[in-house]
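Let us walk through this structure together, looking at its aromatic rings and then at its surface.

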Amino acid sequence: MGQGLWRVARNQQLQQEGYGEQGYFSREQSRRVAASNMSHTSHRKHVQGGIDIYHLLKTRKSKEQEGFINLEMLPPELSFTILSYLNATDLCLASCVWQDLANDELLWQGLCKSTWGHCSIYNKNPPLGFSFRKLYMQLDEGSLTFNANPDEGVNYFMSKGILDDSPKEIAKFIFCTRTLNWKKLRIYLDERRDVLDDLVTLHNFRNQFLPNALREFFRHIHAPEERGEYLETLITKFSHRFCACNPDLMRELGLSPDAVYVLCYSLILLSIDLTSPHVKNKMSKREFIRNTRRAAQNISEDFVGHLYDNIYLIGHVAA
């Protein structure tokens, strides 16, 4: 009797809590099954050194069933857009699967022009059997040769018909290429002043603040590590080019190429002074203004002060 009353009371309590007697036992059974599965899983992980091989194989199998997207089933413009994000190495690998798509001339032409922006061969009628994929390999080979020996590299480009034997064409090639070693390039430009002259004229410094223009100049034509005749030549060429690009500003400020030359030298010295850890007593703004105006008296104090602020906030002009 007592046990019967206890069961009735227990069933009422379970019903109030949302469980029936059958639901209670099914819930208990599900808990036991879950605990058993967890026990088997932990045992499997323990036996296999903490790695759930079963889960990995199951995931791999599901991925194999899904497979890769077949680019040949997509619209051509979408397939070419996807492949255009690949570099040369990945595009060669993709050609093993999608030969017709990955060997398309438009893709290799884009790779050539994105790395070597200007070549004389771009503006010529291509010879019979011309291939941009082959051209890419030749450009890469020529760049590696240039980084070992600049003269041999330029001769290689000329022998393959990629570059014309012209200082202007060589200057355009250097200006639009970022794969050339800057140390070797500096040596080459020091020896080929005719190429250097054409390279300077490719820069447009119109409406640029003087320190920013000097930074852009030294990003393409790297400054030597030591002072000397080559550095003086670079600053002289930059000064004349900057004045040629900003004639109205030069008249307004009363600056000449000689005055710009003095300012450039002052900016380089200030950059070294402010950024070098070996200089403990940094040059103040007042000292810079006084020293600069002593060398170039026609320059306004406010303009020289703005020059100091630019170096102080942004950093070296020839870094």
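A residue is called buried under 20% relative accessible area, exposed over 50% and partly exposed in between, with a 1.4 Å probe and protein chains only. This is a predicted model, in which local features need pLDDT of at least 70 and side-chain atom pairs count only at pLDDT 80 or more, while totals for chains, interfaces and linings use all residues. Residues are numbered from 1 along each chain as its sequence is written, and side-chain values use heavy atoms, without hydrogens and water.

Rings of Phe, Tyr and Trp (its six-membered ring) pair if their centres lie within 6.5 Å, and planes under 30 degrees apart count as stacked, over 60 as edge-to-face and the rest as tilted. By this rule there are 14 aromatic pairs. One of them joins Phe-130 and Phe-132 edge-to-face, at 4.9 Å centre to centre and 80° between the planes; Phe-130 is partly exposed because its relative accessible area is 24%, whereas Phe-132, at 14%, is buried.

Phe-288 and Tyr-308 form a tilted pair, with 5.9 Å between the centres and 45° between the planes. Phe-288 lies in helix 17 (residues 285-295) and Tyr-308 in helix 18, so this pair ties together parts that are 20 residues apart in sequence; helices here are DSSP runs (H or I, at least four residues), numbered from the N terminus. Phe-288 is buried at 2% relative accessibility, and Tyr-308 is buried at 8%.

Helix 18 (residues 301-314) also holds Ile-314, which counts as exposed because its relative accessibility is 55%.

Technical notes
Helix = DSSP H or I, 4+ residues; strand = E, 2+ residues; numbered from the N terminus.
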